[in-house]
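Please look over the structure shown here, with attention to its surface charge, its helix packing and its backbone geometry.

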Amino acid sequence: MAEILQTRPGSQMTDSEKVRDFQRKLYRKARQERDFRFYVLYDKVCSMRFLRESYRRVRANRGSAGADKTGFNEIESKGSEEFLQEIAEELRNEAYKPGPALRVYIEKADGNLRPPGIPAIKDRVVQTACKTVTEPIFEADSEDSSYGFRPKRSAQDAVNVIKENLKNGAAEVSDADITAYSDTIPHDNLMKLIGMRVSGRKILHLIKMRLKTPICENRRIYGGKKNKKGTPQGGVISPLSANIYLHLSDKTVNKERGIFRQAGVRIIRYADDFILTGKNIPGYILERLKYILNRMELTLNTEKSHEVNAYKESSDFPGFTFRHDVSLYNRKRKYRNIIPAKKSENKIREKIRTYFKGCRHYGTEEAVKDVNMMTDGWVKYFHIPEVSYPRRACKNLQCCMDRKFYRHFARKSQRKSRFYAEGGFRRSAEDYGLKDPLKLIKPATPVNA
């Protein structure tokens with residue numbers, strides 16, 4: 001793609017190509033000049049080119065409508081170009097104000113509720129444009145130890161690094177978590193960090209307005225300008241803001257001659273979850289980490305944080321379980337086994353069970369399509385070739401799917417379906433393309449783990 005952009009005339013480039021070309025230039029400039037402050041960015045956020053590309057990305061995510069109840073179908077029936085023209089005009093005249101985010105609750109693996117807010121599509125488009133312009137700048141500053149919500153980085157990359165650390169003898173693992181991180185980020189400190197790289201008054205005001213977005217819950221609006229802490233969960237730009245703030249802790253831990261490096265301790269962070277690995281993690285290292293977080297007005301969650309020896313105990317991160325198991329090929333040696341965590345297995349099975357409670361009236365094609373989307377994404381996340389071993393978990397998932405399809409066809413009507421008699425899972429796979437989780441992964445092979 002880079003070669004195409006270099007040889008193709010600018011007038012022939014699509015909006016997506018022009019936006020990526022601009023991002024590439026920003027990134028290179030930010031990497032070359034670490035102290036440079038970017039000052040002409042707001043006009044890019046207002047441009048139709050960036051707004052069209054932002055709308056395309058928001059549309060691709062297929063999210064639901066926000067508090068204003070305006071969906072994509074309604075926008076496109078009136079004309080998406082006119083919709084974007086209105087946004088551009090509001091931004092140029094500095095008349096844009098984000099609407100309230102619709103509060104919803106999502107159950108977490110531990111039974112608690114996560115309260116994200118769904119911004120209106122209009123606000124998501126503006127946030128995406130703002131993120132598109134500013135992300136390359138802060139991406140150039142980010143440490144290699146950060147993996148969550150970053151371009152071309154994933155949880156699988158973090159898992160691979162952890163396995164390499166364990167292989168090199170870093171058996172001491174300290175699993176840490178920050179208490180209510182998204183709700184406790186101080187706005188003043190965050191805006192100071194952003195202002196060290198971005199100096200435009202208008203774009204800084206745009207980001208600050210997003211931090212103070214009110215919440216709509218049960219037709220009641222609260223919050224807004226009085227908010228002094230927290231980044232609204234569910235927003236497009238919120239993960240970037242969270243990464244910008246935690247970059248301080250990453251930089252401190254990775255300091256060349258700092259106490260963490262001297263003790264041989266490394267950090268691997270995914271969003272607000274992170275682990276420290278080393279051959280030995282002294283007590284003063286953890287105290288120093290608490291001190292750094294306290295200076296940042298953050299609190300280490302002592303209930304979720306724990307220290308283990310990876311050769312003796314298992315640890316979870318993020319969604320994976322790391323443990324030492326006896327080798328199937330040589331009973332006298334152990335290997336580093338990385339598998340989906342029990343919570344992750346229970347979550348996907350519960351998701352399938354919940355789906356089948358309300359899909360009895362669905363056609364077989366629709367049910368198979370929906371289940372394929374759920375299981376395909378889950379297997380792709382946990383299957384890392386030559387790193388993780390999800391075969392047993394996939395077998396358990398296959399058994400769950402088999403039972404659910406069997407009962408689905410048994411209860412579908414008073415007369416038993418032929419699928420019930422012949423096996424729902426097998427016939428759905430043969431006739432409708434139901435994906436077998438075991439066939440989505442490569443056969444396990446012995447590796448030097």
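The report below takes up a few local features of this predicted model.

## A charged surface patch

On the surface, a patch of positive charge is formed where Arg 360, Arg 403, Arg 407 and Arg 411 gather. Of these residues, Arg 411 belongs to helix 17, which covers residues 391-411.

## Packing around helix 10

Helix 10, spanning residues 187-195, has His 187, Leu 190, Met 191, Leu 193, Ile 194 and Gly 195 as buried residues. These buried residues pack against helix 7 (121-141), helix 11 (201-211) and helix 12.

Within helix 12, which runs over residues 238-253, Ser 241 has a relative accessibility of 4% and therefore counts as buried, since that value falls under the 20% cut-off. When neighbours within four places in sequence are left aside, Ser 241 is in contact with Leu 190 and Thr 231, and Leu 190 is itself among the buried residues of helix 10.

## Positive phi outside glycine

Arg 219 has a phi near 65°, a positive value in a residue other than glycine. The residue sits in the loop between strand 6 (215-217) and strand 7 (220-222), and Arg 219 is exposed, its relative accessible area being 83%.

Glu 297, likewise not a glycine, has a positive phi of about 65°, and its place is the loop that lies between helix 14 (283-295) and strand 10 (306-309).

How values were computed. Residues numbered from 1 in each chain as written. Predicted model: local features only at pLDDT ≥ 70, side-chain atom pairs only at ≥ 80, totals over all residues. Heavy atoms only, no water. Patch = residues over 30% accessible without salt bridge, like charges linked within 9 Å, V, L, I, M, F, W, Y side chains within 5 Å. Areas by Shrake-Rupley, 256 points an atom, 1.4 Å probe, with all protein chains shown as cover. Salt bridge = Lys/Arg side-chain N within 4 Å of Asp/Glu carboxyl O. Lys, Arg positive; Asp, Glu negative; His and termini not counted. Charge placed at Lys NZ, Arg CZ, Asp CG, Glu CD. Helix = DSSP H or I, 4+ residues; strand = E, 2+ residues; numbered from the N terminus. Buried < 20%, exposed > 50% of the residue type's maximum accessible area, 1.4 Å probe, protein only. Contact = heavy atoms within 4.5 Å.
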